[in-house]
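Hello,

Here is the structure I promised to hand over. My notes on it follow below.

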Amino acid sequence: MSAAKNPFAVKNDSFVHVFEVGARDGLQNEKVEISLEQKLMLIAGLKAAGLKHLEVGAFVRADRVPQMADSEEVFRRADLKGVHAWSLVPNRKGLERAIEVGVKNIAIFTAATESFAQRNIRMSIPQSLSEFKEVVAVARKKKILVRGYVSTAFGCPFEGKVAPKKALKVVESLWRLGVEQVSIGDTIGVATPEGIEAVFKPALKMMKKAGTAAHLHDTRGTALANALRAMDLGVRTFDSSAGGLGGCPFAPGATGNLATEDLIYLLNGMGMKTGVNLDRLCEISLKFSRQIAGGLGRPLGSRYLAAYAAKCADIAASGVGESGSVAGESG
Ligand code: MG
């Protein structure tokens, strides 16, 4: 692993890397059909808002994850210059597909619990690690950056609460494969700040700031509190999705990923830098959600976005925005 090229390096402690998962993790869990054009629009908008890490596809089986069936087309057609465009790769076959379309950044994924791993990737945890060992070896030769995900690190829909030690064991195994970063996931949104500390404190010690990421879900309203604790501990990469897109297939009606808008609002308020323009991000999230035929069947999860949309509607209704004096106010 070459530290110099790690795109998650922490050169300035007040900068936070925001890893935007909306166009993959977000869309994958939405029921409505989303066209290639709509995806390309979303990706272009996220890039224009200043996001530098975009997860945009998954080279998984189309029959199992139909929403990602056009990942090759996304990579062929999206303008991904100037950003790190990431895609999920479940095995060597997925890696071959990724290489074919010139993917430079991949994510491999396993879980802290056996039942979730079996259900999600149809491999045991040890099987997944031995498969990924070969994936990482090939990726290294091709100079492809690799990120690892550990799902269900705090709780599992099948096994309940997960002990920090158990989660950290899988995190360490994945890290030892030589990945750039491991993203530790609260897949079903059950973590609270105390649990965050129990996992991230040792994780940071092992992988340092550049190697550690938090993937939080807001299912029980604790995502921002957890993000804050993780940030205080030293985490400088957070996964989030525009508008809070996504859900959990095992928790019907559950809200999705930590919303990027909510995260950026918090970080801005604390004087942290992200390089993301919050207004532009809100505009693309609203535009995207309005363009999906039939809608998402529920409002987007982002609280900040809801407030932003209400403010814009107020301005439009009052007509003040036409002069430009109020519309220019930042949210
Ligand atoms: Mg997620």
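**A buried loop residue**

Leu296 sits in the loop between α11 (278-291) and α12 (303-318). Helices here are DSSP runs of H or I with at least four residues, strands are runs of E with at least two, and both are numbered from the N terminus. Leaving aside residues up to four places away in sequence, Leu296 touches Glu30, Val32 and Leu245. Contact means heavy atoms within 4.5 Å. The C-alpha atoms of Leu296 and Gly246 are separated by 10.0 Å, and the two residues are 50 apart along the chain.

Some ground rules before the rest. This is a predicted model, where local features need pLDDT of at least 70, side-chain atom pairs count only at pLDDT 80 or more, and totals for chains, interfaces and linings use all residues. Residues are numbered from 1 along each chain as its sequence is written, and side-chain values use heavy atoms, with hydrogens and water left out.

**Two helix pairs**

Take the helices on either side of the Leu296 loop, α11 and α12. Their axes come within 10 Å and cross at roughly 85 degrees. Therefore α11 is roughly perpendicular to α12 (65 to 115 degrees; under 35 is roughly parallel, over 145 roughly antiparallel, the rest oblique). Axes are lines fitted to C-alpha atoms, for helices over the stretch in contact, with angles from 0 to 180 degrees between N-to-C directions. On the α11 side, the contact is made by Leu278, Asp279, Cys282, Glu283, Ser285 and Leu286. On the α12 side, Tyr304, Leu305, Tyr308 and Ala309 take part. By class, this contact has seven nonpolar, one polar and two charged residues. Ala, Val, Leu, Ile, Met, Phe, Trp, Tyr, Cys and Pro count as nonpolar, Asp, Glu, Lys and Arg as charged, and the others, Gly among them, as polar.

The other pair is α8 (residues 193-211) and α9 (residues 223-233), with axes that come within 9 Å and cross at roughly 30 degrees. So α8 and α9 are roughly parallel to each other. From α8, the contact uses Pro193, Glu194, Ile196, Glu197, Phe200, Lys201 and Leu204. From α9, Ala225, Asn226, Arg229, Ala230 and Leu233 contribute. The classes here are seven nonpolar, one polar and four charged.

**The magnesium ion**

Which residues coordinate the magnesium ion? The donors are Asp25 (OD), His215 (NE2), His217 (NE2) and Asn257 (OD1), at 2.0 to 2.2 Å. Donors are N, O and S atoms within 2.8 Å of the metal (3.2 Å for Na, K and Ca); water is not among the atoms, so sites may look incomplete. The sequence spacing of the donor residues is D-x189-H-x1-H-x39-N. His215, in strand β9 (residues 212-215), and Asn257, in the loop between β10 (237-240) and α10 (260-269), are 42 residues apart and link distant parts of the chain. His215 is buried at 7% relative accessibility. Asn257 is buried at 3%.

Arg122 lies in the loop between α5 (114-121) and α6 (125-141), and is exposed at 52% relative accessible area. Thr152 lies in the loop between β5 (145-151) and β6 (155-156), and is buried at 0% relative accessibility.

Best wishes

Conventions
Buried < 20%, exposed > 50% of the residue type's maximum accessible area, 1.4 Å probe, protein only.
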